[in-house]
Structures are given as C-alpha cells and as structure tokens.
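Hello,

Here is the structure you asked about. My notes follow below it.

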Amino acid sequence: MSLTQSITQLIEPAVTEAGFFLEEVQLTSAGSHRIVTCIVDGQSPLNLDQVTVVSRLISELLDTATFMDETPFTLEVTSPGVDRPLTLPRHWTKNLTRLVKVTLQDGTVTTGRLTEFNEITATLVENIKGRIKTHTVNFADVKRAVVEIEFNRKEEAQNLTDEAGDE
C-alpha cells in the first residue's frame, strides 16, 4: 500500500466523523521534506474555523502514525478550488443556483445556472441577452463540469430561478 493510501485510510474516517468529506490526499517530496496536502470539503464552503478544526485532527493522527517515518513533513489542509470538477452528486447539490460550465463528450460547451438535477440529468438555465434558454444535460454525456466564478451572482441567480419556474 502506498503512503498516500495509508494516509487516506487513516484520516478519512475521522474527517467524515467530524462532518467533512476527504476529497483527496496529495503527497509531494521536496528534497528530504514531504508536503502532505489534504483536500477537504463540506456541505457548504469551509470557513477558517472549520479548516483549523480539521487541520488539528489530521495533524494529531499523522503525528502518531507508525507508517510516517522520520522524514519531516508539512501538512496543508485546503478546500477544493473553483476549478475542481463536479464529479459526485454532492458536488452538484452544493452548487445549486451556481453558474456551471459543462463540456460534453462531443466537445459542446454549455454554460448556465444549475437549477435542478437528478441521478441522470442536470438542468442549466442560460441567459442570452435577456432570452432564457433551458438545457437538459445527461450526466453520461458530461466530459467535465466546473463552477464558473461570478461577481454579481445573487440578483441574477434569483431572477433566472424565478423565470425558469415560470416556463
């Protein structure tokens, strides 16, 4: 078993019990030093207090782990970046009403507000110069989906959601 797998097996139950999700463990070596990066997510974006709590939890576990040899390491705990793909149902749930860019297997790209989804499809509402267009995307056809960064989100999100419900 690799060191990354050992770390994941050790910390995942504790992270889950604390109410978070362990997305990924990354291990890099810089000379005689290791960097252990743990990407942790929650039902909503993590705040600094939550990151501190989960960092302490992971640090305590790694400090006592017998498989962590004497090589010094730095622990980094972070939340997923906005460029992290939406791959699990909870990623889609967390991003309801957000602007999502979906690239399909055939190369077609659709960007719209995520208004609903089920096990098979997602509904994206696109505002094209005031004209509202609804897209239904099959998850089986999705090559990559990511959240788009927005700066004036609240009013537009509410308007699109209301207008989509009127159709």
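What share of the contacts in the protein chain with a separation of 6 or more comes from residues 24 or more positions apart? The share is 53%, where contact means heavy atoms within 4.5 Å.

Some background on the source. This is a predicted model, in which local features need pLDDT of at least 70 and side-chain atom pairs count only at pLDDT 80 or more, while totals for chains, interfaces and linings use all residues. Residues are numbered from 1 along each chain as its sequence is written, and side-chain values use heavy atoms, with hydrogens and water left out.

The protein chain has four helices and eight strands; these are DSSP runs, helices being H or I of at least four residues and strands E of at least two, numbered from the N terminus. Their order from the N terminus is α-β-β-α-β-α-β-β-β-β-β-α.

There are two aromatic pairs. Rings of Phe, Tyr and Trp (its six-membered ring) pair if their centres lie within 6.5 Å; planes under 30 degrees apart count as stacked, over 60 as edge-to-face and the rest as tilted. W92 and F139 are edge-to-face because their ring centres are 4.9 Å apart and their planes stand at 65 degrees. W92 belongs to helix α3 and F139 to the loop between β7 and β8, 47 residues apart. F117 and F139 are also edge-to-face, at 6.5 Å and 75 degrees. F117 is in strand β5, so this pair joins parts 22 residues apart in sequence.

W92 is buried (under 20% relative accessible area, with exposed over 50% and partly exposed in between; 1.4 Å probe, protein chains only), at 4%. F139 is partly exposed at 22%, and F117 is partly exposed at 25%.

Regards
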